[in-house]
Each structure stands twice: as C-alpha cells, then as structure tokens.
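I'm going through the two chains and jotting down what I look up.

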Number of protein chains: 2
Amino acid sequence: MAGPLNAFVPDSTAHLPGAEGGPLAGLTFAAKDIFDIKGHVTGCGNPHWLATHEPAETNAQVVQQLVDAGASMVGKTITDELTRGIFGENMHYGTPVNPNAPGRVPGGSSSGSASAVAGRLVDFALGSDTGGSVRVPSSFCGLFGLRPTHGRIPLDGMLLQAPSFDTIGWFARDAETFAHIGSVMLPPGPPGQRPRRLVVAEDAWELAEPGTRRALETAVDRIGALFTSSAMVRLSPTSLEEWSGHQQVLQSREAWESARDWIDQVNPTFSFEVSDRYAMARSVTDEQIVVAQAGRDAVISRMNEVFDGGDVVVCLPTTVSPAPLLGQRVSERHTLRLRNSALTSIAGNTGRPQISLPLAEVDGLPVGLSLLGDYGADEQLIELAREISRLAE
Amino acid sequence: MAGPLNAFVPDSTAHLPGAEGGPLAGLTFAAKDIFDIKGHVTGCGNPHWLATHEPAETNAQVVQQLVDAGASMVGKTITDELTRGIFGENMHYGTPVNPNAPGRVPGGSSSGSASAVAGRLVDFALGSDTGGSVRVPSSFCGLFGLRPTHGRIPLDGMLLQAPSFDTIGWFARDAETFAHIGSVMLPPGPPGQRPRRLVVAEDAWELAEPGTRRALETAVDRIGALFTSSAMVRLSPTSLEEWSGHQQVLQSREAWESARDWIDQVNPTFSFEVSDRYAMARSVTDEQIVVAQAGRDAVISRMNEVFDGGDVVVCLPTTVSPAPLLGQRVSERHTLRLRNSALTSIAGNTGRPQISLPLAEVDGLPVGLSLLGDYGADEQLIELAREISRLAE
C-alpha cells in the first residue's frame with residue numbers, strides 16, 4: 001500500500017515534475033504529508049483529517065520553490081499524526097522503516113521523509129521541526145538534517161502545529177546535496193560570520209547515554225581542528241529539563257489552539273498517545289503560560305550570552321541515544337521523549353538554527369552530532385557540515 | 001459491511017443455534033460484542049482490541065444460558081469502544097441506526113443491541129450497563145431495558161469496565177418477551193414484595209428537559225393506579241450531580257485499572273473522546289477516591305432511607321431528553337453525558353435495579369420512564385412493566 005519502506009502515504013498519487021533546466025534538475029524529493037500539493041488533500045498522518053479536508057488549491061510555497069528549481073516531487077511521506085511525536089510510530093498508517101537501524105523507529109514526526117532519504121528512494125525530502133521532528137529522525141536514520149532559524153523559511157501551505165516553534169527543514173544523505181538544496185530553500189540573508197569558537201554544551205552532553213556520549217565525543221575530537229578554540233560550557237543555570245518544560249507548556253497550548261476546534265467537531269481517532277498529549281495540552285493553565293513565557297525569555301537571554309561575540313557554534317548530541325526499538329510502551333516512550341526534548345528545546349525555545357550531522361554510530365546504529373548556530377547562521381552551519389564531511393575523506 | 005442498520009459487527013460470523021425444545025426456542029438474539037463467543041475474538045468496539053486478543057475459549061455464561069434455553073444467537077453487535085460512552089457513536093465502526101429516531105444517536109454503549117431490537121432484526125439482545133449503557137439506549141430507541149441488581153447476574157466471559165458498577169442487561173420491544181427472557185436470565189431469588197408505594201424523585205425530574213418532563217408526567221399519571229400511594233421526594237440532600245460525581249471518580253479509576261496495561265502496551269487508536277476519558281481517569285488521585293467512596297456510602301445510606309419499608313419503587317426519567325442529534329461536538333456531548341449521568345448514577349452508585357419503559361414520546365421521539373427498585377426486586381420491576389403494558393391495552 002504505502003510502497004517501499006512504508007515511507008509514502010498509501011494511495012496518494014501526488015507527483016510534481018521539476019521545471020526543466022533549474023539548479024536542482026534531475027533531483028527527486030518527497031514531502032511530508034503536511035505540505036499542500038495542489039489537487040490533493042493534505043492528510044497530516046490521520047485518516048480523519050484526510051476525510052474532513054478539501055484538496056489543496058495551491059502548492060506549499062517551499063514545494064513550489066523546489067519544483068521551480070527543477071527538483072521533482074515524487075510522493076507524500078507518512079508523518080506522526082498532526083506532527084505530534086518524535087519517534088515515527090503511526091498507529092493508522094504504520095511505521096516507516098529505518099533502513100539504517102533495523103527493528104528500530106525511524107524517528108518522527110518527519111518519519112517517512114527520513115526513511116525515504118535513508119533508503120535511497122529520493123535524493124532529499126522535506127520535513128518540519130517544531131520540537132525535534134527533523135533533527136531526531138536525522139539522528140536516528142544517519143542523515144543530514146537542519147532545523148533553520150525560526151521564521152527564516154515561510155510556512156505557507158504547511159500544517160501549523162505550534163507557530164512560535166514551527167520550522168521547515170530537509171534531509172539529505174550527503175553534505176553537498178544538502179547544501180545544494182539549502183541554496184534554494186533559504187532566502188538570501190546577510191553574509192554570516194564563519195563560527196570560530198566551539199562551545200561544547202556540558203549539560204547537554206550529560207543527558208546522553210554513555211555509549212552515545214563516547215561515540216559523539218570522538219566525533220567532536222575529529223572536528224575540533226576546524227575551530228580556533230573549544231570550551232566546555234553549562235548552558236542552563238538550572239537544568240535543560242527545566243528549560244524544556246517551558247517549551248512543553250507553550251508548545252502544548254499552541255498545539256491545542258491549532259487543533260481544538262477540529263477535534264471538538266470531528267472527534268477524530270488518534271493513537272492514545274496523541275490524544276493524551278492533546279488532553280494534557282488542553283489542561284495547561286494561563287498561570288502556567290505566564291511562568292513558561294518568562295522561562296522562555298530567560299532561556300533566550302542566557303543563550304544570547306553564550307553566543308556573545310557572533311562567532312560561536314554550540315555542539316551537542318542531537319538525541320540521547322540511537323533509535324529506540326519499535327513498539328515500546330507508551331509510558332516508556334513518554335519518558336524517552338522528555339529526555340530528548342531537553343536537547344531539542346534549546347533551539348526550539350530560542351529559535352536558533354541547528355544542524356544534525358551523521359558523525360557517529362553506537363553498535364552499528366547511527367546517532368547525530370548537532371551544531372547549534374546563531375540566528376541566521378543557517379548557511380554557516382551547512383558550510384561547516386561540508387567542511388566536516390571533507391575532513392572525513 | 002455491518003449489515004442492516006449498522007447494528008452488527010462487520011465481518012463477524014459468530015452464530016449459535018439455540019437448543020431444541022427450550023423455553024426460549026424460536027427466539028433470536030444478538031449479543032453486544034463484549035460477550036465471549038467461543039472461537040471468535042471479542043472485539044469490544046475497537047479494532048486494536050480485536051487485533052491484539054485471541055479467540056474466546058468458551059461462551060460467556062449468559063450467552064450459554066440463553067442458547068441452552070433455546071434462543072439462537074445470530075450476531076455480535078457494535079458497542080462504544082470498551083463500553084466507554086452512552087451515545088453509541090463509534091468512530092471506527094460507525095453508529096448503529098436508531099430506527100425510532102431518524103438522524104439521532106441510538107444511545108450506548110449497547111448501541112447495536114438496541115438498534116437490532118428496535119429495528120426488529122432480533123427478538124431481544126444482550127447489553128451491559130455500567131453507567132447507563134442499557135438504560136440510555138432503551139430510552140432513546142423506545143425499548144424495555146433492565147439494569148439488574150448489581151451482582152445478581154454473573155459477568156463471566158464479559159469485558160469488565162468498572163467491576164463495582166458493571167451489570168448485564170437486555171432489551172426487548174414488549175414486556176411479555178422481556179419477562180420471558182428474564183425468567184432465564186435471572187437466577188432464582190427469594191420471592192420479592194410487590195411495590196405498593198410510588199416515590200417520584202423530584203430532583204431527578206427537575207433535570208429533565210421541559211418537554212420530556214411533561215411527556216413523562218403524563219406517563220406517571222397513567223401508572224399511578226397501580227400503587228396505593230404516590231409521593232414526591234427529593235433523593236439527594238445536595239444534588240444528583242454531586243452524587244453522580246462520586247460514580248464518575250470511582251468508575252474512572254476502575255476503568256483505568258481495567259485497561260491501563262493494554263493501553264500502555266498497544267497504544268490503541270480511540271476516538272479522542274474515549275482517550276480523553278481514559279486520560280482523565282488516569283489523573284484521578286487517591287484523595288479523590290477516598291472522598292468519592294465516602295460520598296458513595298452516603299448515597300447508599302440516603303437511598304436505604306428512601307426504600308425503607310420494602311414496598312417502594314422510585315420513578316424517574318431514564319434520560320433528560322430523547323436521543324440527541326448525531327454528530328454533536330465532543331464538548332456538547334460531554335455536557336450532555338454528565339446531565340444524563342446524574343440520573344443513571346442513582347442505580348449505579350447503589351447497585352439497585354432499574355428498568356426503563358418506553359412510555360413517552362416528545363415530538364415523535366421515544367423517551368423512557370424508569371422504575372428503580374430495591375435490591376433483588378428485578379422480577380418485581382419486570383412484573384410491573386407487564387402490568388403497565390396491560391394498562392395501555
């Protein structure tokens with residue numbers, strides 16, 4: 001039904017040939033099924049969403065941009081329901097296969113996109129990242145993946161989950177292709193400063209499992225030569241979990257506001273896990289919002305200090321471990337989601353860009369090293385990824 | 001798929017011919033798909049439940065009893081997911097049709113059983129009643145339906161939701177058939193006292209919508225002749241909503257305990273409404289349980305006072321209104337469920353039997369009058385139903 005690797009949305013015929021002669025001519029891509037494709041219903045990983053929405057009238061802006069640049073859109077990919085999840089297990093459509101970690105989740109919510117790229121079904125794929133939905137599958141599937149500076153790439157024609165956190169990202173298997181796509185995806189910005197100072201986020205590092213930490217430390221040693229200095233810094237004066245709590249609260253409220261009317265009207269079926277998150281989101285109080293907003297402001301202030309000087313890049317594990325096994329208990333996955341969110345919410349809360357690089361393996365399973373850059377430093381992160389890839393050659 | 005009226009479970013071939021020559025020979029019945037039928041998986045209204053359970057090894061005790069008595073089981077009927085609901089809208093299998101109230105819900109959770117009886121597909125049908133799941137569809141579909149004394153009919157081979165509230169009941173279109181089934185369903189008990197004193201539950205009556213109240217008042221006037229006295233009594237010193245709150249808390253905790261391990265392991269898809277109730281159930285605290293248990297004890301004490309003397313029957317509206325329209329918002333249905341629970345939880349909290357009688361209509365839509373009897377007075381309630389039916393002739 002869903003084709004190879006269960007990466008693609010079943011029964012979708014969405015397909016857009018790339019314009020001839022563009023810079024991306026000859027490349028194929030897949031789009032997470034939250035991006036509008038003209039004439040097709042955007043399904044968002046939930047059959048009730050699919051059944052209660054009309055076909056899109058236009059292509060999502062980024063999709064159109066890529067097609068105009070010559071890339072061919074060859075399919076819609078499976079996503080966690082309404083992008084709510086970071087592991088990629090969709091109880092309606094099944095779980096896209098992680099070709100680089102058999103028996104394990106692909107990561108989500110851009111699960112099918114990561115699966116399709118890792119499985120060489122397409123050259124690159126579009127995802128979105130609100131709480132880790134590009135970075136986590138990049139880490140688990142061994143791909144390059146970017147969460148860009150918040151607000152840099154317009155979200156027109158994409159399902160919004162929590163607008164103050166939502167971003168569009170993409171996946172590729174190699175840094176050159178990744179950069180090539182970036183030149184089309186990213187609107188022109190001021191020329192950025194090449195980061196010279198590497199900050200190793202000590203408290204982020206402590207959250208990783210021992211084997212993952214060791215594997216990623218080796219990767220950090222390898223890339224150290226690219227920087228003039230390297231320092232170990234604790235990011236949070238309290239804890240990264242506390243920081244992450246602020247995003248949980250704010251993102252939950254925004255996600256509930258985005259979906260509440262539709263949920264109330266349709267009474268859709270969700271996996272229990274997804275409903276449970278909406279039920280918790282509904283219970284967030286205005287008092288909690290006030291506290292979380294103040295907390296987010298404090299995170300932003302502290303991270304401005306860390307980035308003071310403009311030539312800093314922060315290095316951290318993308319995820320606390322390689323991809324977990326398929327079919328874990330809801331309660332176990334809940335715990336694991338929170339642990340990973342402590343890492344992903346640094347970029348989430350601040351809106352800074354973060355790129356995940358496939359630089360390590362633990363027992364043969366990929367795990368990503370992340371570089372967190374300053375606002376607008378998306379190109380610099382991509383350029384670093386290229387330099388790092390050349391180092392390995 | 002699900003056959004006429006969407007009452008039956010799709011693709012089920014469960015069928016048990018009745019024993020020859022028994023007292024129920026020639027009668028057909030359907031069983032809510034929470035009763036085990038040997039060799040078939042009991043689906044409980046949820047496809048993930050169906051997919052993760054083995055076929056039953058024996059028939060549920062009541063099913064076997066009915067078949068041994070000559071009745072033929074001709075099909076499994078659709079239920080609200082895991083019996084969680086009183087309106088009968090199942091987002092996986094669709095809503096059984098209410099033949100007596102077009103465009104309206106059949107009531108639940110024994111929705112398909114009520115639909116099949118009302119639509120004359122079977123002579124009678126089995127349901128269960130934890131929080132109103134036989135009484136509510138009886139009212140909405142214009143049927144006779146009994147919630148028996150708690151503990152009177154053994155629950156072996158039936159899905160338990162909240163054991164301190166769970167009961168087995170049945171539906172029929174006429175009082176004679178209803179009584180006939182009762183003679184097989186109910187184990188022998190001490191001969192009860194014919195209720196002589198009618199107590200009209202003033203606070204229950206106040207909860208009904210005006211049109212429903214008027215229609216049911218006329219019905220009460222008609223049956224008054226069967227009693228030596230009639231008195232208006234307020235049941236609750238606080239409110240029936242407060243009483244109902246105790247059942248909500250206790251039933252929620254029990255329902256969560258029944259389902260939590262399976263939910264955690266399987267991450268099943270439920271309608272949002274059902275997940276939401278489980279999520280709320282999980283959040284019930286031990287302190288709330290202590291308060292609710294004390295509250296339930298107070299309800300029982302007060303109702304013992306009302307029934308003092310042994311010849312009392314309490315009369316109340318089964319539901320606050322006829323069947324609501326299909327497809328209401330989750331939030332509207334939530335409010336309406338709580339309003340109806342204030343009526344159904346009197347029997348629920350105390351364990352007393354309650355029979356719903358199809359004695360009224362509002363704008364052509366059926367609505368039930370209920371008689372609540374003393375412990376073990378199931379036969380007396382059924383006998384009253386027969387007397388009342390004869391009155392109408």
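Which residue stands opposite B:A125 in β5(B)? I checked, and B:F171 is the one that stands opposite B:A125 there.

Ground rules before I go on. I'm working with a predicted model, where local features need pLDDT of at least 70, side-chain atom pairs count only at pLDDT 80 or more, and totals for chains, interfaces and linings use all residues. Residues are numbered from 1 along each chain as its sequence is written, chains are lettered from A and ligands numbered from 1 in the order in which they are written, and side-chain values use heavy atoms, with hydrogens and water left out.

**Entry 1: the sheet in chain B**

β3 (residues 124–129) and β5 (residues 167–172) of chain B run antiparallel to each other and share 6 bridges. My element names are DSSP runs numbered from the N terminus: helices are H or I with at least four residues, strands are E with at least two. Two strands pair if DSSP finds at least two bridges between them.

Then I traced the whole sheet in chain B. It is open, has 10 strands with mixed pairing, and reads β2-β1-β3-β5-β4-β10-β11-β9-β6-β7. At its edges I find β2 (72–77) and β7 (229–233) of chain B, each pairing on one side only. From one strand to the next the twist averages 25°; axes here are lines fitted to C-alpha atoms (for helices, over the stretch in contact), and angles run from 0 to 180 degrees between N-to-C directions.

**Entry 2: the sheet in chain A and its helices**

One pairing I looked at joins β9 (residues 312–317) and β11 (residues 365–372) of chain A, antiparallel over 4 bridges. In it, A:C315 sits opposite A:L371 of β11(A).

**Entry 3: the A/B interface**

I counted 25 residues of chain A in contact with 25 residues of chain B. The two chains bury about 2200 Å² between them, 47% of it on carbon and sulfur atoms. Buried area is the accessible area (1.4 Å probe) that two parts lose on being put together, summed over both.

How many salt bridges cross this interface? I get 6 between chain A and chain B, with the rule asking for a side-chain nitrogen of Lys or Arg within 4 Å of a carboxyl oxygen of Asp or Glu. I noted A:D261 with B:R329, at 3.0 Å from N to O.

On the side of chain A that touches chain B, the elements giving two or more residues are α8 (240–266), β8 (269–271), α9 (272–282) and α11 (330–350) of chain A. α9(A) gives the most, with 7 residues. By type, that side divides into 10 nonpolar, 8 polar and 7 charged residues. (Ala, Val, Leu, Ile, Met, Phe, Trp, Tyr, Cys and Pro count as nonpolar, Asp, Glu, Lys and Arg as charged, and the others, Gly among them, as polar.)

Most residues other than glycine have a negative phi, and most peptide bonds are trans. I looked for exceptions. The bond from A:G108 to A:S109 is cis, with omega near 0°, and A:S109 is in the loop between β2 (72–77) and α3 (111–118) of chain A. B:G108 and B:S109 are also joined by a cis peptide bond, omega about 5°. A:D11 has a positive phi of about 65° and lies in the segment before β1 (28–32) of chain A.

Conventions
Contact means heavy atoms within 4.5 Å.
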